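This report describes selected local features of a predicted model.

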Amino acid sequence: GPQSDYSVLTVTRQKGLLTVIGIDILTACKDPAKQFDLVAKHIARIRTDTGRKTCRVFVFVERNLGFEAEHHKRALEHVPGVTFYVDQKANRVGVLTTEATKHAMAQLVVSMLAERRIHVLPELYSAEPDTARIRLREQMETYSAQFKQAPDTFGKDRIALSGKVGGMKDDVCICLQLAAYYTQLETQRASDMFSNLE
């Protein structure tokens, strides 16, 4: 959105543990070409590690504003080993974040943090690793339930999850939640698919 940064966060998931291995951020950049370039450079940076040179990359792009997820896929589908998440119900590339999804994502991250199942790699893959780590921490500290009073007596009061308080942003925190939630869904879906083959 207009008050948002553009953020990329990469995780690995093994046996229920989520490790943040990379974060890159474009501050106040709405230029799609620069966004696509950031994602391509982010993937290339991770693949400089010989153990990750040929790793598969699953991309989950938020698609709340239009066709940005489809544009990402079109711009980056040439990168080897990259697969974009497709919402099977909507037959669209990307993930749609609703209020219900945001609450489920936040609840999952809180549970995983309480169980010490989220970690951050000491040496982040990032153009600015120290800044990225600080941004993640600050946004996670600020992200919370915001109570919004109804505009009139006929409206309803709302509880919205957000980190956009006092000029703060929540893009990196949202990326972490998307990563935790959708990698878990995909892991469960794959597990169900393989158990049905037996």
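## Helix α4

Helix α4 comprises the 14 residues 129-142, which at 1.5 Å a residue should span 20 Å. The C-alpha atoms at its ends lie 20 Å apart, in agreement with that expectation.

Three residues of α4 are buried, namely Ala132, Leu136 and Gln139. Because they cover an arc of only 75° around the axis, they are placed on the same side of α4. The face turned away from this buried side carries Asp130 and Glu141, both of which are exposed.

## Backbone at Ala28

Most residues other than glycine have a negative phi. Ala28, although not a glycine, has a positive phi of about 50°.

Ala28 belongs to the loop that lies between strand β2 (17-26) and helix α1 (32-46). With a relative accessible area of 56%, Ala28 is exposed, because the cut-off for that class is over 50%.

Asn91 is located in the loop between strands β5 (86-87) and β6 (92-93). Its relative accessibility is 64%, so Asn91 likewise counts as exposed.

How values were computed: Residues numbered from 1 in each chain as written. Predicted model: local features only at pLDDT ≥ 70, side-chain atom pairs only at ≥ 80, totals over all residues. Heavy atoms only, no water. Helix = DSSP H or I, 4+ residues; strand = E, 2+ residues; numbered from the N terminus. Expected span 1.5 Å × (residues − 1). Buried < 20%, exposed > 50% of the residue type's maximum accessible area, 1.4 Å probe, protein only. Arc of directions from axis to C-beta.
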